[in-house]
Amino acid sequence: RRTGFEGIEPYSMDIAARDMMKKWQDENLERRDELVRVLGINLDWRMHECSDGQRKKVRIMLKLLRPFKLCVIDEFAADLDIFSRARFFEYLSKECELRGAAVVYATHIFDQADKWATHVAFMQLDKKLSPVHKLHDYAPYQEILARTGKDRAYCPMYVLVLEELERQYRAHSHLFDADNQCLTDVIMAEQACEKAADRHFSESGKGYESGRVA
């Protein structure tokens with residue numbers, strides 16, 4: 001069977017970072033070089049020899065070679081070290097300021113989110129998105145920021161999201177038995193009923209699509 005690449009996915013091929021999507025790189029050299037500097041990428045890296053964090057850096061670089069007005073990122077920071085995350089957040093902020101762009105960042109890792117985010121929205125249990133709130137005047141967030149002493153929130157965004165999720169689960173009282181079963185037990189049991197996230201690859205019967213780089 002013919003395939004567009006070998007390996008588990010394209011970012012584990014035996015190829016240099018500078019040769020991945022080479023045409024796009026050649027067409028956006030200035031922007032490519034800025035992303036290389038921001039993320040600390042060595043263009044001579046062989047992708048099959050890279051760590052998960054190094055592969056993530058190359059993926060981000062390739063995805064952002066072309067300027068954007070709207071960038072939707074799902075959990076990009078999971079494999080990045082703390083310095084790379086900080087520099088990349090700064091880069092995204094600059095893009096928003098210079099180009100009037102917007103970034104939608106879906107995550108459950110909240111370090112630096114308090115410093116970087118301007119708005120917040122919640123994916124609710126009914127799979128619908130909540131209204132978008134401005135953090136500077138969103139009452140629940142401001143209340144968390146005002147807590148002191150033993151109640152002080154060292155990562156306010158984490159506390160905000162945790163308390164919002166707890167509120168939503170408690171609103172579904174049918175999930176609890178008479179002795180008020182532990183909330184986290186209920187949540188974990190619900191997650192165990194979910195289907196595998198990447199099942200569409202096996203269900204399609206084809207695996208990765210030919211040439212797909214995503």
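User: Which residue forms a salt bridge with lysine 57?

Analyst: Please note that this is a predicted model. In it, lysine 57 forms a salt bridge with aspartate 81, and the closest N and O atoms are 3.8 Å apart. The pair ties together parts that are 24 residues apart in sequence, because lysine 57 lies in helix 3 and aspartate 81 in the loop between strand 1 and helix 4.

User: Is lysine 57 buried or exposed?

Analyst: Lysine 57 counts as buried, at 11% relative accessibility.

User: What about glutamate 34 and lysine 94?

Analyst: Their side chains meet in a salt bridge, at 2.3 Å from N to O. This pair links distant parts of the chain, since glutamate 34 is in helix 2 and lysine 94 is in helix 4, 60 residues apart. Lysine 94 counts as partly exposed, at 32% relative accessibility.

User: Changing topic: what is the overall pattern of the chain?

Analyst: The secondary structure comes to nine helices and four strands. Along the sequence, they follow the pattern α-α-α-β-α-β-α-β-β-α-α-α-α. The chain has 214 residues, and buried residues make up 35% of them.

User: Which residues touch the most other members of the largest nonpolar core?

Analyst: That core has 33 residues, and Met61, Leu64, Phe76, Phe88 and Leu92 touch the most other members. The elements giving two or more residues to this core are helix 2 (29–39), helix 3 (52–63), strand 1 (70–74), helix 4 (82–99) and strand 2 (102–106).

User: And what is leucine 92 in contact with?

Analyst: Leaving aside its neighbours within four places in sequence, leucine 92 is in contact with Leu64, Phe68, Ile73, Val103 and Trp116. There is also a second, separate core of 13 residues, which includes Phe110, Phe122, Leu135 and Ala153.

User: Where is glutamine 25 found, and what does it touch?

Analyst: Glutamine 25 is in helix 1 (residues 22–27). It counts as buried because its relative accessibility is 0%. Beyond residues up to four places away in sequence, glutamine 25 touches several others, including Arg18, Arg32, Leu43, Met61 and Leu65.

User: Which residues make a nonpolar surface patch?

Analyst: Leu70, Val72 and Val104 make a nonpolar surface patch of about 290 Å². Valine 72 has its place in strand 1 and is exposed, with a relative accessible area of 62%. For the chain, the accessible surface comes to about 14000 Å², and 53% of this belongs to carbon and sulfur atoms.

User: Lastly, how far apart are the end C-alpha atoms of helix 7?

Analyst: They are 22 Å apart, which agrees with the 22 Å that the 16 residues of helix 7 (residues 156–171) should span at 1.5 Å a residue. Among the buried residues of helix 7 are Pro156, Leu160, Glu164 and Gln168.

Note on methods. Residues are numbered from 1 along each chain as its sequence is written. This is a predicted model: local features need pLDDT of at least 70, side-chain atom pairs count only at pLDDT 80 or more; totals for chains, interfaces and linings use all residues. Side-chain values use heavy atoms; hydrogens and water are left out. A nonpolar core is a set of buried Ala, Val, Leu, Ile, Met, Phe, Trp, Tyr and Cys residues joined through side-chain atoms within 4.5 Å. Buried means under 20% relative accessible area, exposed over 50%, partly exposed in between (1.4 Å probe, protein chains only). Contact means heavy atoms within 4.5 Å. The expected span of a helix is 1.5 Å times one less than its number of residues. Patches are made of residues with over 30% relative accessible area and no salt bridge: like charges are joined within 9 Å, nonpolar side chains (Val, Leu, Ile, Met, Phe, Trp, Tyr) within 5 Å. Accessible areas come from the Shrake-Rupley method with a 1.4 Å probe; for residues, only the protein chains shown count as cover. A salt bridge is a side-chain nitrogen of Lys or Arg within 4 Å of a carboxyl oxygen of Asp or Glu.
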